[in-house]
Amino acid sequence: IRVDINKGKKNPQDFLLWINSKDKPCWDSPWGKGRPYWHLQDTSVSLTLLGKHYDIHGGGKELIYPHHEAQRAIVESLTGLAPKFWIHTGSLLYKGEKMSKSKGNYITIKEALKKYDSNTLRLYFLSHPYKEDLEYKEEDLKKAKEDVNRIKGANFKEGFLYDEFKEALLDDFNFPKAKEVLLENLDKGISKEMLYVFGLEI
């Protein structure tokens, strides 16, 4: 959507840092009563909790512009550094549309956990390329549940990762390929370390 450029800006690429508001929370400032805007709020939280230089910053792909580009500009201006990796995920869809609270077409984690355990949900989400949109389908969840049950019966060994498994992870977190390697080696032997990568507690 094309919007008119705000004539009050010195530069069309300038973004909002402070929003004037008397609604709480708000504070007095040289620019009037208000609070930090979205981009600055999130940057402040990141720097406070993770420090000046953290490895990964992520979120949905819809946040790339302007939110994450604004955050990067702020953090680089303040610290001269930036996160090493910016990872953006696809959206979770339901019946072809992005899950949205406003549309009411969403399923909460709490609701999903009534039908499937946490291992099943983790394997389900990581069976799909993280950059692509994911359609929420019961048949795919049932398949993930079957795979979890197969993994429980695996021959477990300690302290190793298959080269193909490591290569998949180094290839832009190719979890679907890593899962293939995992499932192909259940009889030969897999390690707990391989399960930790998927967050599986078995």
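## Close-up views of a predicted model

**View 1. A lysine over an aromatic ring.** In this close-up, the charged end of K192 sits over the ring of F156, 4.6 Å from the ring centre. Please keep in mind here, and in every view that follows, that the model is predicted.

**View 2. Helix α5 and its two faces.** Helix α5 covers residues 138-152, 15 residues in total. From its first C-alpha to its last it reaches 21 Å, close to the 21 Å expected at 1.5 Å a residue. Look for L141, A144, D147, V148 and I151, which are buried. Seen down the axis of α5, these buried residues fall within an arc of 115 degrees, so they line one face of the helix. On the face turned away from the buried side of α5 you will find E139 and K142, both exposed.

**View 3. What covers the buried side of α5.** The elements covering its buried residues include three helices, α4 (118-125), α7 (175-184) and α8 (192-197). Strands β8 (156-157) and β9 (190-191) are also among the elements that cover them.

**View 4. F175 and its two aromatic partners.** The structure holds 8 aromatic pairs. One of them joins F173 and F175, a stacked pair with 6.1 Å from centre to centre and 10 degrees between the planes. F175 also pairs with F198: the ring centres are 5.7 Å apart and the planes stand at 65 degrees, so this pair is edge-to-face. The pair of F175 and F198 links distant parts of the chain, with F175 in helix α7 and F198 in the segment after α8, 23 residues apart. Are these residues buried or exposed? Both F175 and F198 are buried, with F175 at 14% relative accessibility. F173, in turn, is partly exposed, with a relative accessible area of 35%.

**View 5. A cluster of aromatic residues.** Four residues come together in this view: Y94, Y124, F125 and Y136 form one aromatic cluster.

View 6. As background, most residues other than glycine have a negative phi, and most peptide bonds are trans. Which residue here has a positive phi of about 55 degrees although it is not a glycine? That is D172, found in the loop between α6 (163-170) and α7. D172 is partly exposed, at a relative accessible area of 37%. F173 lies in the loop between α6 and α7 as well, and its phi is near 50 degrees, again a positive value in a residue other than glycine.

View 7. The peptide bond from K24 to P25 is cis, and its omega is near 0 degrees. To find P25, look in the loop between β1 (18-20) and β2 (34-36). Another cis peptide bond runs from Y65 to P66, with omega near 5 degrees. Where is P66 placed? P66 belongs to helix α2, which covers residues 64-79.

Conventions:
Residues numbered from 1 in each chain as written. Predicted model: local features only at pLDDT ≥ 70, side-chain atom pairs only at ≥ 80, totals over all residues. Heavy atoms only, no water. Helix = DSSP H or I, 4+ residues; strand = E, 2+ residues; numbered from the N terminus. Expected span 1.5 Å × (residues − 1). Buried < 20%, exposed > 50% of the residue type's maximum accessible area, 1.4 Å probe, protein only. Arc of directions from axis to C-beta. Contact = heavy atoms within 4.5 Å. Phe/Tyr/Trp six-rings, centres within 6.5 Å; stacked < 30°, edge-to-face > 60°. Lys NZ or Arg CZ within 6 Å of the ring centre and 35° of its normal.
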